[in-house]
Structure formats: C-alpha cells, structure tokens
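Please read the numbered points below alongside the model.

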Amino acid sequence: MTERLINILLESFPKIFLQGLLVTIPLTVISFAIAMVIAMVCAMIQIANVKGLKQIVRFYIWIIRGTPLLVQLYLIYFGLPDLGIVLPSFPCAIMVFALNEGAYCAETMRGAIESVPKGQLEAGYCVGMSYMQIMRRIILPQALRTAFPPLSNSLISMVKDTSLAANITVVEMFMTAQRIAGRTYEHLALYIEVALIYLIFCTVFTWLQRLGERKLTSVSGGGSIHA
Amino acid sequence: MLEVTGLKKAFGGNKILKGVDVSLQKGDVLCVLGPSGSGKTTMLRCLNYLEKADAGRMRFMENEYDMPGISKKEISAYRRHTAFVFQNFNLFANKTAIQNVTEGLIVARRMSRAEATERAEKALIEVGLEGKFDSRPSQLSGGQQQRVAIARAVAAEPDVIFFDEPTSALDPELIGGVLDVIRGLAENGRTMMIVTHEVNFAHNVATRVIFMDEGRILADAPRREFFGAEQLPRIRSFLNSLERKE
C-alpha cells in the first residue's frame, strides 16, 4: 500500500465517519421513530377494525410495499416539483424513509399483536378493563417483545438503505465517500472503507438490540409470551 | 338473582342455542353437564357477554336487559358483579401471579395498590399458592395457573362466578387440586355456575344440575333428583357412556 493511499484513507475516515454521525444516523433514527408511530397507528387501526380507515391503511401498505424505495424517493424529490411542491432533500428523505418503513413495520406490529392469545383480551374484559387498558397494559407489552427482533432488523436495514438518499443529493456517508473516490481515483479503497464504516454502525445497533432484548425479557416474562 | 329466558345463539347458520331458560339463586352451585357441542360453553359465554346473544332477556338483581341490545356501559356495570374462569386460564402472560389478581382491581376498580395487594394475597393463599406470588404464568403448572385464575375471579368479590370447563385443559393429576379449590368456594357459599365434564364433582358439590343437549336444556333439577332414580333415558345414556370411558 502506498503512502499516498494510506494518507487518503486516514484523511477520509474521519470525514466519512462524521458524516455518518451527522447525517446517516440522524436520518435513520428520526425516520425510524416516525415510522414506529405510523406503524403503531396503522396496526391498531387494522386490529380494532376501524371501518374506512382500515381500507386506507391497506391501500397505503399496498402502494409502499409494491414499489421500489428508490422510485419513491425520486417521485417525491424530483416528481413533486412538477406540481409546485418542492421539498429540501433531507426532510424529503426523512418523509420517504418514514413512510416506507412505517408500512413494513405496521405489518410486523400487526402480526405481533395478533400473536398474543385472544383469551387475554377476554380475561381483561371479564375483570372490568376497557379495550384500551387491555391493549396498553397487557397486549402491547407482549407484542412489543415479539416484534422487537424483526423491528431491530428493519432498523439495521435502514442504516444501509439511507445510502439511497445520495441519489437525491443528501450528503450522507456514501455520497461523501463517492466524492472522495471521484477526486482521488481510489474507488476500491474508498468503497471498502465506507462499507467498513457501515459495518461499524450496524454492529453498534446489533449490540443495542441484544441489550434491549435482555431488558425486555426481564420485564415481560421471558420466552414465555405464548403461555 | 340471575334469570335468563329465551336465550338463542347461532354461528352462521348453525343454531347452537335454541331458546334456553336458566336461572341462578344466591348460593347456588349450578353444574352444567352435557355432551360436547351441546351449547354449554356458548351459553356461559353469552351470560357474561363474551358472545352476543341473538335473542334473550336477562334479569340480574334489579336490572333487566335485552341481551342482544345491551349497551357497553350496561355490560361493564354487569361485569362488576361477575367473574369468569376460562378453560385455558387466560392469565396475563406479562404479569406475575399477584399482578394477575391486582390488575383488574387497580385498573378497572380503582382500588389502591395496597388494598388490592392485600386482597390478592388473601385470594392466592385461599387457592393454596402462598410462595408463588411473584411467579410468572410460564413458571407455573397448568393447575397452578388455573388456581391463579380462580384467585383473580374471587378477589373481585363477585356475586356470581362462571367456570367454563375449568379442568378440561389440565393433566389428570392436576385436576383434583383445582376441583378442591372450587369445592372450597362452594362451601363458603359462593354462587357459581360451572360447565364441566366432571360428573363425580357435580354429584358431590352441585346444589343443582342442568343437562344440555343440542342447544336445549333437557333437565334442570336439584342434585339429588338429577342423580336419583327418575332419570331421563337421554341423561342415563350420557352418564353411562362417561362411566364406560372411565
């Protein structure tokens, strides 16, 4: 390895890493937080069978899951200006990622809620609790435990999917690496480097997932959720 | 105390209950016998509004309800006086034994935590579960889980407790313990309605016995008469078929 290459890598590493901390991670975390709210609302609407709204939710999930994420990004960022709606790239990316992830996670949540035996709902009614009380105190804590691993999976996928935002001019990790590669012609080295930095971030999230699972296990009755 | 007339229920086109009249007096231990598919469980579930009846009137204490038309508010007022024990226990899996008992008291009945805990401890001791207060349902045997469920029912001090085949999901060696607990409740004068396949238990503990077949009540008699000499042929053949199985 030449000295020039080593210098390029040493110089670019903090730049890319910082861009990860400043853009990739906030983009991921904010989008995912919004997605969780969307997913929870959509799952509850489907579970509680709210007429009208349920059809809207099904339609939304159908559209999102049936079209590529990249197309969705292009449509909102490059397409909407034709209608006079111009969004800055970062909020636009957050919106698309949140809507996209929300649709997938809604299905994860719905499945998790449905996996809690219905008898517990009836038992809750019989001791006088209301539907919302039973949901909040009995069903959702168990559903969350079930949904936690697949939701973590989605979060980790999202860290990497945010690289697509480079296509709509968001200067995140991948775009930063791309620019340095273009300037220095060290494509192989730079893309390996950025891949490694993604790996570092994802490893941290995986580690957080383990920690979260251990905590949830201690409060929700362990592997016993399907008693 | 509780009187139901003309109770009907169908699932799809399948008529499960074809006009059932049933009543319960204070202090009654009413056992409901009958073959599978005779509508026993459906009747019990209708009585606590876990299923919506297609027709029927209910008189409970001073209130009278049109069973299909009853409002949510009326149902929750009614359920303050009743408790239900399920075949599959249906404990809250994310709660400990004692939390299973206190949950309804605190959340639905707005009891203080201290008072609810005191009541729950008493109820759990009554069903023989001292030392298991902080166990999760997953750490308990089926029989123990069912006893937690009974404690949960008893702690609310209901006027009526409905039991839906409380021992059917249990291993044979655990059945006796649960039946003993229910027998203890009977001796304390609790009003109960028990759907069961345990004929011997009915024979020993019931004050009255109902026999159901194909969505109707074929017999409704005090225990002595029910198991006496004047039995209907249909009941005799049912009881004989059970004996043969044993």
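Which residues in the largest nonpolar core touch the most other members?

1. They are B:A151, B:M193 and B:I194, in a core of 129 residues. Such a core is a set of buried Ala, Val, Leu, Ile, Met, Phe, Trp, Tyr and Cys residues joined through C-beta atoms within 7 Å, where buried requires 20 or more other C-beta atoms within 10 Å of the residue's own. Helix α4 (residues 89-115) of chain A gives the most to this core, namely 12 residues.

2. The model is predicted: local features need pLDDT of at least 70 and side-chain atom pairs count only at pLDDT 80 or more, while totals for chains, interfaces and linings use all residues. Residues are numbered from 1 along each chain as its sequence is written, and chains are lettered from A and ligands numbered from 1 in the order in which they are written.

3. Beyond its neighbours within four places in sequence, B:I194 is in contact (C-beta atoms, placed from the backbone, within 7 Å) with B:V29, B:L30, B:C31, B:V32, B:F163 and B:I182.

4. Between the chains, the contact draws 24 residues from chain B and 19 residues from chain A. On the side of chain B that touches chain A, α3(B) gives the most, with 3 residues.

5. In chain A, helix α5 (residues 119-126) and helix α6 (residues 131-161) pack at an angle of about 135°, their axes 10 Å apart. Here A:Q120, A:L121 and A:G124 of α5(A) meet A:I134, A:I138 and A:I139 of α6(A).

Notes
Axes are lines fitted to C-alpha atoms, for helices over the stretch in contact, and angles run from 0 to 180 degrees between N-to-C directions. Helices (H or I, at least four residues) and strands (E, at least two) are DSSP runs, numbered from the N terminus. Two residues are in contact if their C-beta atoms, placed from the backbone, lie within 7 Å. A residue is buried if 20 or more other C-beta atoms lie within 10 Å of its own, exposed if 12 or fewer, and partly exposed in between; C-beta atoms are placed from the backbone.
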